[in-house]
Amino acid sequence: MVSRRSFLQANGVVLAAGGLGLTLQGPAAARTRPAAPLLPNFGRPTHLDFADLTTLHGNDQLLLTTLQGVVNRRRPRLYFNYDAAAYDQRWLAGTGAAVTRHDQPLDLVARYRAEVRGAILHDPDVPDSVNVATTLAGLEDAVAATAEQAAAHGLRTVVDLRGRFDPADVLATYRWQLDHLFPRCTHALLAGLPPTRTVRVDGVRWRELARETERVRDASNRAVRAFDLSQELATAQDGAGQLLVEVDLWNQYLVTAATTAPTRVEPFPYFRDYAVATRAMVFWLPPSGGTGELLDEIFGRVEPTTPYAGWFSNDVAGEWGGVDRASQHAVEVVPADYYMNATVHAGVPARISDRVRPRPPARLRDRVYLTLTFGEGDNIQYCQRRMREIWDDPERGGVPVNWTVSPLLADIGPALLAYYQRTATAADLLVAGPSGAGYTYPGSWPAAALAAYTRLSGRFLRRTGMDLVYAYNHRKPEGDGWVAFDERIVAAYRRDTPVRGIIQSWETGDLLIDPAGLPVIGNFSPQGKAQEYRDTLVRRIEGWDGSEPLFIAGAVNAWSWTPSDVAELGGLLADPFEIVRGDTFFALLREHLSA
């Protein structure tokens with residue numbers, strides 16, 4: 001990593017991770033410097049111009065977010081709220097900066113126009129030109145805009161991308177970017193962001209056609225149902241006509257119809273401030289076929305442990321394929337596509353504790369020990385948004401629970417991590433999200449590079465006081481289940497990190513191994529809410545005779561559960577179940593395994 005850190009001090013960037021391979025002269029050469037951050041910051045914010053962008057079109061949000069990247073690279077001064085849930089406002093006070101609120105967000109373009117060279121015009125007919133424009137905005141100290149926006153705000157055209165790319169040839173667009181722009185970009189960070197998003201249009205009037213409210217899951221109600229949409233056809237075409245539609249439906253469903261488009265497509269604005277400020281190359285390549293091959297080529301051009309910040313297309317399949325491809329090239333993933341105001345949060349100073357929390361005393365007995373873990377903590381946007389929402393549930397603290405969180409927040413959101421450490425109750429335990437310092441599949445890493453990842457993870461885990469890891473590995477070739485960690489992987493964690501136990505994503509819970517003397521247990525993932533979860537656990541222990549302890553690592557769906565649900569589950573579980581924190585769980589498990 002030493003040779004690849006290329007952020008420029010001249011732009012006020014705190015240089016990223018593992019060093020730059022710089023040759024020091026004079027007295028500085030004799031001093032040992034602390035490891036620089038993996039993810040850079042741009043200094044402490046002292047005064048922030050704040051605006052709410054919730055109601056703005058994506059084009060305007062894109063313009064302002066790329067402006068934010070250029071401005072905040074020099075010194076963090078712009079901070080935005082992006083949605084009605086106001087997650088960004090929850091963290092604003094914690095920045096410690098003085099705040100000036102602006103009711104007209106676009107007035108900030110004139111306020112900071114002197115700090116940008118002009119506009120990069122993206123092509124409305126080529127969605128991926130939004131990403132190329134973002135890359136160029138970082139390289140040219142410009143904003144990404146439409147031609148109409150540039151004219152309205154008096155911005156000169158720096159580069160005009162209209163008509164340059166074939167809308168049907170995504171590969172050619174990103175090939176051009178790789179060949180012509182990547183040599184000028186930082187190689188210390190890659191950014192994967194969707195060029196566009198689909199948003200709901202307000203005021204659409206819907207007619208309900210059918211609804212199934214029962215929670216059917218076995219497809220027992222499956223049938224082809226016919227719907228008459230002649231009413232909608234007549235309205236849309238301003239005339240008579242008949243339209244019959246047949247739909248194959250099962251389980252729960254809701255079918256509605258409308259005569260106007262319920263959505264529109266517009267630029268995806270999020271996280272682009274950080275991409276612009278770091279001068280990262282931004283792209284969006286599905287991890288299969290020809291685009292997957294180009295993704296391989298990009299990953300192959302950076303050094304081991306380079307972060308890929310953003311996400312992948314095609315949802316779950318894209319996640320598995322994308323993370324696996326990144327892992328094969330020794331690149332860790334930082335899910336960050338919805339992480340807002342990164343250029344501000346990275347620079348907010350905060351006291352992060354490196355102290356491992358004291359473990360509650362416990363005596364090993366012949367019981368069913370259950371530890372519950374909220375997943376998703378590798379997602380730094382989850383840590384910023386959804387986790388804060390459920391963390392603030394007043395029921396938190398009544399039942400022991402583990403919270404996965406990214407140790408990389410120590411770099412890119414130290415005040416966020418410090419908040420969770422500071423407000424944790426005795427029942428809350430922060431554990432590293434998959435699979436340490438960034439989301440990855442260790443089994444897919446090149447053998448010679450795995451130690452670089454575990455050493456990096458060890459550095460961040462010690463810095464954040466975490467000694468348990470929730471981890472993923474690659475899936476079996478046939479796609480049916482996961483591959484268990486082997487001795488080589490576990491030995492690397494034991495050698496390079498302070499980890500005392502690993503919960504591996506497994507879903508069925510039938511994994512318990514102890515390679516290299518470090519216990520690894522597969523999680524168990526019941527469906528539904530508290531009552532259904534409890535019933536599944538009861539079925540899970542059928543056949544257990546109570547002659548020795550039984551250990552279950554229960555997964556909690558962070559998108560649908562809250563601490564109130566955990567509290568309800570705790571009230572439903574009686575003897576022989578005992579819910580414990582993860583550190584207690586692994587201490588008892590080690591005692592049991594060594595007996």
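Predicted model: local features only at pLDDT ≥ 70, side-chain atom pairs only at ≥ 80, totals over all residues.
Student: What is the mean pLDDT of the protein chain?
Tutor: Of the residues of the protein chain, 93% reach a pLDDT of 70 or more. The mean pLDDT of the protein chain is 92.

Student: What radius of gyration does the protein chain have?
Tutor: The C-alpha trace spans about 85 × 75 × 45 Å along its principal axes. The radius of gyration is taken over C-alpha atoms, and the globule rule is 2.2 Å times the number of residues to the power 0.38. A compact globule of 595 residues would therefore come near 25 Å, and this agrees with the value of the protein chain, 26 Å.

Student: How much of the protein chain counts as buried?
Tutor: A residue is buried under 20% relative accessible area, exposed over 50%, and partly exposed in between, with a 1.4 Å probe and protein chains only. The whole accessible surface (Shrake-Rupley method, 1.4 Å probe; for residues, only the protein chains shown count as cover) comes to about 24,700 Å², of which 48% belongs to carbon and sulfur atoms. Of the 595 residues, the share that counts as buried is 55%.

Student: Which residues of helix α15 are buried?
Tutor: Helices (H or I, at least four residues) and strands (E, at least two) are DSSP runs numbered from the N terminus, and the protein chain has 20 helices and 25 strands. Helix α15 covers residues 414–423, and seven of its ten residues are buried, so it is largely enclosed by the rest of the structure. The buried residues of α15 are P414, A415, L416, L417, A418, Y419 and Y420.

Student: Which residue stands opposite Y253 in β12?
Tutor: Two strands pair if DSSP finds at least two bridges between them. Strand β9, residues 207–212, pairs with β12 in the antiparallel sense over five bridges. The residue that stands opposite Y253 is E212.

Student: How far apart in space are L370 and G554, C-alpha to C-alpha?
Tutor: L370 lies in strand β17, residues 368–374, and it counts as buried because its relative accessibility is 0%. Leaving out residues up to four places away in sequence, L370 touches several others, including L537, I552, G554 and F585. L370 and G554 are 184 residues apart in sequence, while their C-alpha atoms lie apart by 6.6 Å.

Student: Is D141 buried or partly exposed?
Tutor: D141 sits in the loop between α4 (129–140) and β5 (143–145), and its phi is positive, near 55°, in a residue other than glycine. Most residues other than glycine have a negative phi, and most peptide bonds are trans. With a relative accessible area of 23%, D141 is partly exposed.

Student: What kind of peptide bond joins D575 and P576?
Tutor: P576 is in the loop between α19 (563–572) and β25 (577–579). Elsewhere, the peptide bond from P434 to S435 is cis, with omega near -15°, and S435 belongs to the loop between β19 (428–432) and α16 (450–464). For D575 and P576, omega is about 15° and the bond is cis.

Student: How many disulfides does a search of the whole structure find?
Tutor: A disulfide is a pair of cysteine sulfur atoms within 2.5 Å. C185 counts as buried at 6% relative accessibility, and C383 is buried too, at 0%. The number of disulfides found in the whole structure is zero.

Conventions: Residues numbered from 1 in each chain as written. Heavy atoms only, no water. pLDDT = per-residue confidence, 0-100. Contact = heavy atoms within 4.5 Å.
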